[in-house]
Amino acid sequence: MNKQEIDARFVSIRREAERRAEHRKREAIPTIYIVMSTCGLASGAAETKHAFEEALSHKGIQARIVPVGCLGHCYAEPLVVIDHPASGFPPICYHQVSAGRARVLVGSYLEEGDPVLEYVLGAMERSDLIPSVMDFPRFSLEQRLVMEHCGHIDPDDIYQYIALGGYSALARVLASEPAEIIHLIETSGLRGRGGAGFPTGRKWSLARASETGGNIAICNADEGDPGAYVDRTILESNPHQLLEGLAICAYAVGATQAIVYVRAEYPLAVQTVKRAIRSAKELSLLGPGILGTPFDLEVSVFEGSGAFVCGEETALIRSIEGRRGMPQHRPPYPVEKGLWGRPTVVNNVKTLSSLPSIVQKGGSWFRAIGTASSPGTAVFSVVGNVRHPGLVEIAMGTSLRTLIFDVCGGIPNKKSFKAVQIGGPSGGCLPESFLDTPIDFDSLRQAGAMMGSGGMVVMDEDSCMVDVARYFLDFTQKESCGKCTFCRIGTRHLLNILDRITKGDGRKEDVELLATLSEDIKNGSLCGLGKTAPNPVLTSLRFFLDEYEAHIKEKRCPALKCRSLTAYYIDLEKCARGCEVCVGCCPVEAIFTTRGRKKGIDQKLCVKCGECLVACPREYDAVVKVSPPGLAPIIERPPDEEKSVGGQG
Amino acid sequence: MVQDIAAMLPAFERHRGNLIPILQAIQERHSYLSGAAMKMVAKHLGIGPGEVYGVATFYNQFRFQPPGRHRIKVCLGTACHVAGGEIILENFERKLGIKDGETTADREYSVERVVCVGCCALAPVALLDDDVLGRMLPSKVEGLFVQFEIERQRQEREKVARESGEQARD
Ligand SMILES: Cc1cc2nc3c(=O)[nH]c(=O)nc-3n(C[C@H](O)[C@H](O)[C@H](O)COP(=O)(O)O)c2cc1C
Ligand code: FES
């Protein structure tokens, strides 16, 4: 099949997409884009949409409501963009649009033409009328490749993606030789975004070399890191870019079958991808004889059932085969002998989503973004103690400082930065002195962390590093598949030691023990899970040894986080006589009234939830948290008080 | 349940790769996997029941006990942990008198921990059935149960009213 014939077929699809876009524009009625991905829905986007619909029909105003995916600004959800051409304003992005605000917007903006400036985040285009979001560091420092269209299009409308140039890369690829495509990806220097950073082009040429006439391409959307949601957002917001990438990959490596492996815990993502596959098939962009060529690609979705280790490619393959997801010895690598014994290429969502733009704009264009050894962009879900959490895409080589302080607004509540955790359970915590580390595969690994699959948690001075290490070990210990002894039992021992340190029972030799055991687990494990499980311990030992020592020697948690090592008490000097606020909020009735009609905390009953500290009126500020717990003064419950509490219960 | 599963199975080809999809489909309809169900799956695929059980227990998704009518899930992903998710979980446990993974005796509620539901910006997060509850606080847990109680009493009153209405008609 020659280039002209493919082009002719594709052009007719493209025309239809343009015709629809043109039609929308000509209608000249306002369009309301509502972010309806998981975080939007969690913040009430469904109620917002309902409120818009009601207000529009009530006032008899014509407008189009388009549900879109995530813009990445999770801190400002529910986000709404209103394009109201007749008003003379550019499209405007509104933040925190509750149902009430939605009604106001319909009345004031759509009906009367007043854009309600106090709800505005910024204009989506530059204009003299309203400051543009493009001038915010969040927008100007970001560089979006993978997430370019996320939040701007309806994920369920394939034509919106096509109108923006979607699937034209696939059409171009189909007219080329697979070897040319592999060469292109090799020259682009693209490295796998699933964590390890293996060169994608090299992986493909290995698979091509062992071709059997029926290779398999798998998209890894298992995303097991307990603090990352990048892949899910891409699936929910722009599934077609991923599917286009998957088809390009399949064509290059000679695959006739492709599988998207998505976690079953991501129901919205699973449904969105399934619908996207169906609509791509209808246009002959997937399925048998794509765009009239002899290239057949059967694409299906496999729902992973919740095991972190199944993100590892050999375990993932085992689980599709209906077995326990245990990693296998490599070699043979999946590219030689993978699913059902056939050569299999496993690539991450972000890797595949990067492909269409590389095909369109060329390898050297991609190489020019990012750094020499890690070209392209990195997508992170930046969460924790930052002012503007959400999804961020930046060029590789950007420093951690720029990302955390400029793009994400730094640490809120006048607290100071303590550490950033990158790479989830396989990664590590980096302290302030590493903030100038450039974000790329090699620099992060050198620093002791890992690129991972995009999880980044920023922690302020109130986070305890020993507790964070314990948290991750608790996770990996539960998720270890049990195949290797060191991983199965070693992580259990690490967890026990960390547990006792956080409970104040740490021993002198524990630090030494943690270090040697960590090295043993690294050496004695087969797959990446065990090999990297000790990283959170090793990095925190390296950068925050003083915190371990405070826990062990002084039985003190410097961040006042470990509950066995802290206590709350009420400063009688500050406590206001007769005030009952803390009593009402205590979930375990641990607060009593002293003889002087002030309040005291019964240390035996206190569960240290911190509610009273939050509840105590700002002007009194009488609740104090201390570590070690012995620092809390003893305030006895008056005997009659005790009786009356007993009487009530 | 047995009949329903017997009716479902023929739709799946007798292929090992269908094991997990079959288990997922059964759990989707019946909310858990019973011993009898797993035996039927084993027979359908021509593999040992131990093999089915072995695979099912490997994955976190599968349950072997029916969950409560309302499922409470508390996120203990990294962001939620740092924001105190554990305290939220404890509040639910204390309120219901059950531990993580258990169901109350009246089968009304079950509590479980999950990792990252993808709304880290709202940490700590809990889910009540399919509703995401962001920025949780112990006092919000308290409030939730007050709401449940009000709702339950309302339903009770409606039921009584309905019944007495029916009696009056008779
Ligand atoms: C314990 C473990 C968990 C992993 N989890 C993921 C994951 O959630 N997503 C992912 O894409 N890759 C994950 N990987 C990496 C995969 O094994 C594999 O390298 C990757 O999917 C290849 O895609 P890439 O070349 O595009 O990076 C994991 C590896 C290990 C050892
Ligand atoms: S960690 Fe709880 S939602 Fe992500």
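Mentor: Let's go through the contact between the chains and then the ligand. Keep in mind that this is a predicted model.

Trainee: How many residues of chain B are in contact with chain A?

Mentor: Start by counting residues on each side. Here 42 residues of chain B are in contact with 52 residues of chain A. Together the two chains bury about 3,600 Å², and 58% of that is on carbon and sulfur atoms.

Trainee: What is the count of salt bridges between chain B and chain A?

Mentor: For these, look for a Lys or Arg nitrogen within 4 Å of an Asp or Glu carboxyl oxygen. The count between these chains is 3. In one salt bridge, E90(B) pairs with R563(A), with the closest N and O atoms 2.7 Å apart. On chain B, the side touching chain A gets at least two residues from each of α2, α4, α5, α6 and α7. By class, that side has 21 nonpolar, 14 polar and 7 charged residues.

Trainee: Now the ligand. Which residues are closest to ligand 1?

Mentor: Look at the shell around the ligand. It has 17 residues, and the closest are G194(A), K203(A), N220(A), N348(A) and T351(A). The strand β9(A) gives the most to this shell, with 3 residues. Of the shell residues, 3 are nonpolar, 9 polar and 5 charged.

Trainee: Where does an oxygen atom of ligand 1 come 3.0 Å from a polar backbone atom?

Mentor: That's at E313(A). As for cover, the protein hides 89% of the 610 Å² of accessible area that ligand 1 has on its own.

Definitions and conventions: Residues are numbered from 1 along each chain as its sequence is written. Chains are lettered from A and ligands numbered from 1 in the order in which they are written. This is a predicted model: local features need pLDDT of at least 70, side-chain atom pairs count only at pLDDT 80 or more; totals for chains, interfaces and linings use all residues. Side-chain values use heavy atoms; hydrogens and water are left out. Contact means heavy atoms within 4.5 Å. Buried area is the accessible area (1.4 Å probe) that two parts lose on being put together, summed over both. A salt bridge is a side-chain nitrogen of Lys or Arg within 4 Å of a carboxyl oxygen of Asp or Glu. Helices (H or I, at least four residues) and strands (E, at least two) are DSSP runs, numbered from the N terminus. Ala, Val, Leu, Ile, Met, Phe, Trp, Tyr, Cys and Pro count as nonpolar, Asp, Glu, Lys and Arg as charged, and the others, Gly among them, as polar. A residue is near a molecule or strand if one of its heavy atoms lies within 4 Å of it. A polar contact is a pair of N or O atoms within 3.5 Å; within protein, one must be able to donate a hydrogen and the other to accept it, and residues adjacent in sequence count only if both atoms are side-chain atoms. Accessible areas come from the Shrake-Rupley method with a 1.4 Å probe; for residues, only the protein chains shown count as cover.
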